[in-house]
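Trainee: Could we go through this chain together, one question at a time, so that I can learn to read it from the coordinates?

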Amino acid sequence: MQRDIQSFWARLRKKEDPNTKINSVKHGKNEKFVALDGIDLTVYKGERLGIIGKNGAGKSTLLKLISRITSPTEGTIGINGRVSSMLEVGTGFHGELTGRENIYLNGAILGMSKSEVNSKIDKIIEFSEIEKFIDTPAKRYSSGMYVKLAFSVAAHLDSEIMIMDEVLAVGDLAFQKKCLDKMGDVSRQEGRTILYVSHNMDTIRRLCDRCVVLDNGKIIFDGEVEKAIGIYKKDSGCEQRARE
């Protein structure tokens, strides 16, 4: 809400939007921009799907649509199960609430009772590695602490679908490995579906058993992980730079 008001006030004064990223493309009032175009994608229970592509390809938009943060302008999205997602650092957390209170808040959002959350809260706190600060207001957390608690909540509460954006890159390498191992475990043992966006191809290789490549809002490949990575690198010009 605060960012929306800031952007609206800046437009009124014909000033630069303070929430626009540096060097981002600006579109005119009557110019049409299609973030995703003709996407047709089916993800099956228990799959670990990687989603890769250049910046601006539509990856984050796709995850926001699946998470129901944004509504599609046309078409339909069918979801069978509850979704837990990590799309931006701090998403789903209330800064004035403590870490512990935010765990209960996220459980309630997923439709879980207090007793159900109680049965999992010790594991959530232990996995998060922030026991000393669990009763501190979340607004005082560093970005790394946010990620640790948010991932732990998403991994342990009862959801059938986990959606992870690039946020894991914020954490330290040891915790990133711990998260990847946990996602692999819940997928294989509990049949959870994982949708994972990353620019780190090593993590895509470690976690995913299928991969989609996006380019300009379209799916240009859907299939085997190594082939997807090869197409992504070629499309991004990585192979050319490596030869030079």
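Trainee: In which helix is the place of lysine 233, and is this residue buried, partly exposed or exposed?
Mentor: Bear in mind that we are reading a predicted model. Lysine 233 has its place in helix H8, and its C-alpha atom is separated by 9.3 Å from that of lysine 54, a residue 179 places away along the chain. Its relative accessible area is 30%, which falls between the limits of 20% and 50%, so lysine 233 is partly exposed.

Trainee: Which element gives the largest share of the largest nonpolar core?
Mentor: That core has 47 residues, and those with the most contacts inside it are Phe151, Met183 and Tyr196. At least two residues of this core come from each of H4, H5, strand E3 (161-164), helix H6 (173-190), strand E4 (193-197), helix H7 (201-207), E5 and helix H8 (225-236). The largest share, nine residues, is supplied by H5.

Trainee: Which residues does phenylalanine 151 contact, leaving aside its neighbours within four places in sequence?
Mentor: Phe151 is one of the residues with the most contacts inside the largest nonpolar core. In general, nonpolar side chains in soluble globular proteins tend to be buried together. With the sequence neighbours left aside, phenylalanine 151 is in contact with Met86, Phe127, Met162, Met164, Leu168, Phe175, Cys179, Lys182 and Met183.

Trainee: Is glutamine 176 buried or exposed?
Mentor: Glutamine 176 has its place in helix H6, and, leaving aside neighbours within four places in sequence, it is in contact with Leu168, Ala169, Asn200 and Thr203. The C-alpha atom of glutamine 176 is separated by 9.9 Å from that of valine 147, 29 residues apart along the chain. With a relative accessible area of 13%, which is under the 20% limit, glutamine 176 is buried.

Trainee: Is the ring pair of phenylalanine 93 and tyrosine 146 stacked, tilted or edge-to-face?
Mentor: The count comes to four aromatic pairs. In this pair the ring centres are 5.9 Å apart and the planes are at 75°, and planes over 60 degrees apart count as edge-to-face, so the pair is edge-to-face.

Trainee: Which ring joins Phe93 and Tyr146 in a cluster?
Mentor: Phenylalanine 93 is in the loop between E2 and H3 and tyrosine 146 is in helix H5, 53 residues apart, so that their pair links distant parts of the chain. Both residues are buried. Ring pairs link Phe93 and Tyr146 into a cluster with Tyr141.

Trainee: What does glycine 95 touch, not counting residues up to four places away in sequence?
Mentor: Glycine 95 lies in the loop between strand E2 (83-86) and helix H3 (99-109), and at 22% relative accessibility it counts as partly exposed. The C-alpha atoms of glycine 95 and proline 137, 42 residues apart along the chain, are separated by 6.2 Å. With the sequence neighbours not counted, glycine 95 touches Pro137, Ala138, Lys139 and Tyr146.

Trainee: Asparagine 216 has a positive phi although it is not a glycine, so is asparagine 216 buried, partly exposed or exposed?
Mentor: The phi of asparagine 216 is about 50°, and its place is in the loop between strand E5 (210-215) and strand E6 (218-223). Its relative accessibility is 60%, which is over the 50% limit, so asparagine 216 counts as exposed.

Definitions and conventions: Residues numbered from 1 in each chain as written. Predicted model: local features only at pLDDT ≥ 70, side-chain atom pairs only at ≥ 80, totals over all residues. Heavy atoms only, no water. Helix = DSSP H or I, 4+ residues; strand = E, 2+ residues; numbered from the N terminus. Buried < 20%, exposed > 50% of the residue type's maximum accessible area, 1.4 Å probe, protein only. Contact = heavy atoms within 4.5 Å. Core = buried A, V, L, I, M, F, W, Y, C linked by side-chain atoms within 4.5 Å. Phe/Tyr/Trp six-rings, centres within 6.5 Å; stacked < 30°, edge-to-face > 60°.
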